[in-house]
Amino acid sequence: MYRYKDLSVELCGIKFESPFVLAAGPPTDELDMVRRAFKQGWAGAVLKTTHVESVKVDLVYPMMSSINMEDRRMAGLGNIDLISRYGIEEVEKRVATLKKEFPEKVVMASIMGSNKEEWQELVRRLEEAGVDMIECSFSCPQGSMGQRPGAMLGQDGDASKMVTQWVKSAAKRAPVVIKITPQVAFIAEIAKKIKEGGADAICASNTIPSLMGIDLDTFVPYPNVRNKSTYSGLSGHFIKPITLRTIAEIKKNVDIPITGTGGVMSWSDAVELMLVGATTVQLCTAVMHHGYGIIDDLKVGLSNYLETHGFSSPMELVGKSLPFITTHEQLKRTPLVKAFIDEEKCVGCGQCYVACRDGGHQAIEFDVEKRLPKVDKEKCVGCALCPTVCPVEGCILMKYVD
Ligand SMILES: Cc1cc2nc3c(=O)[nH]c(=O)nc-3n(C[C@H](O)[C@H](O)[C@H](O)COP(=O)(O)O)c2cc1C
């Protein structure tokens with residue numbers, strides 16, 4: 001039996017047995033599913049976004065489509081899902097049941113209201129049911145119900161601050177997390193407003209509004225819902241860089257705890273989110289693709305990483321990369337950097353030559369007879385396009401030159 005290191009983390013005063021949490025979505029929309037996930041080792045779950053009883057959630061099917069990349073299925077997942085079809089009356093029962101059966105797990109509920117009374121009622125009822133944390137969805141890409149179609153609460157700093165204040169004034173015990181959208185011009189300004197509103201943490205971030213692709217025969221974008229479509233929320237693999245930027249920019253500008261979500265498919269993705277400032281990491285698409293069992297790999301991978309790098313707790317990872325992120329102007333211009341090709345490793349494909357010739361600085365020559373590329377060190381500016389296209393890991397290295 002594998003012996004994990006202590007993987008526990010603390011967010012807003014609440015202890016999680018590991019940083020790995022199920023994000024609000026289909027994997028948390030049924031009581032039995034969450035039970036199964038907890039038994040398999042997830043530290044917590046955010047139940048899919050709920051609402052007051054009077055709201056009718058009008059779902060359409062099919063609601064998903066995906067982008068495949070060569071042999072990788074579902075490199076990006078698009079959905080036109082809405083919030084849960086289960087209202088607060090069902091969710092409060094589930095919270096109470098889960099807390100009774102799994103007192104050591106962190107049970108979070110996600111809420112969305114359309115006015116002050118609704119937000120506050122949802123908070124009060126969930127607290128009474130025993131919820132550990134409340135996440136407020138300010139970022140449903142299909143639009144907050146009753147508001148401008150397509151608009152998200154999290155795109156308006158003042159509105160975000162006001163709703164955060166409503167929620168915080170109703171919450172007597174449970175920490176309040178605000179789930180934002182990365183689809184704004186200045187993410188740190190929105191985060192500052194949310195902090196001013198009194199939020200205990202930010203969930204960064206959510207799916208990215210997208211149009212998933214178009215069927216060239218029917219002209220209808222995906223997903224095709226009886227010959228019409230609409231904008232999807234993109235999740236999974238492809239969105240991790242956006243999530244990393246979002247978390248880093250918030251964390252560098254605003255002192256607020258973060259739970260990260262968006263594009264985490266493996267333990268190493270999760271570590272990256274922590275290195276830029278996330279304390280816990282929420283997954284949805286990876287679970288929808290590979291099932292709850294990925295928790296074993298996440299925990300083993302994190303545990304090994306901590307061991308090999310000499311960390312005693314995952315908390316030591318939080319924000320460790322932030323000092324290495326600066327502005328473009330502050331990046332050093334010297335010493336110069338050049339490409340060096342390892343001829344032993346080179347397979348002679350010529351990709352670096354073509355890329356440099358047509359997309360770089362024409363600094364690579366190609367000996368057709370020997371099938372070997374050669375870098376002209378005078379012409380090479382060190383842009384690093386060639387190692388990016390090279391199919392052999394470690395064949396082209398960028399090195400400093402005096
Ligand atoms: C089908 C689907 C439904 C989702 N429903 C919700 C929801 O009800 N509330 C919410 O806050 N986020 C919802 N999300 C967003 C996820 O919680 C998560 O933040 C997002 O998918 C990014 O993480 P991932 O790349 O790990 O999937 C949903 C995502 C998917 C794919």
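The structure is a predicted model: local features need pLDDT of at least 70, side-chain atom pairs count only at pLDDT 80 or more, and totals for chains, interfaces and linings use all residues. Residues are numbered from 1 along each chain as its sequence is written.

Let's start with the whole chain. The protein has eleven helices and 18 strands; these are DSSP runs numbered from the N terminus, with helices (H or I) of at least four residues and strands (E) of at least two. Of the 402 residues, 43% are buried, meaning that 20 or more other C-beta atoms, placed from the backbone, lie within 10 Å of the residue's own. Along the principal axes, the C-alpha atoms fill a box of roughly 75 × 55 × 45 Å.

Now for a hairpin: strands S16 and S17 form one, with four residues between them. The two strands run antiparallel and are joined by four bridges; strands pair if DSSP finds at least two bridges between them. Asp367 has Leu372 in S17 as its bridge partner, and Arg371 in the turn has a positive phi of about 50 degrees.

Finally, the ligand has 27 residues around it, and Ala23, Ala24, Ser235, Cys284 and Thr285 come nearest. A residue counts as near if its C-beta atom, placed from the backbone, lies within 6 Å.

Technical notes. A residue is buried if 20 or more other C-beta atoms lie within 10 Å of its own, exposed if 12 or fewer, and partly exposed in between; C-beta atoms are placed from the backbone.
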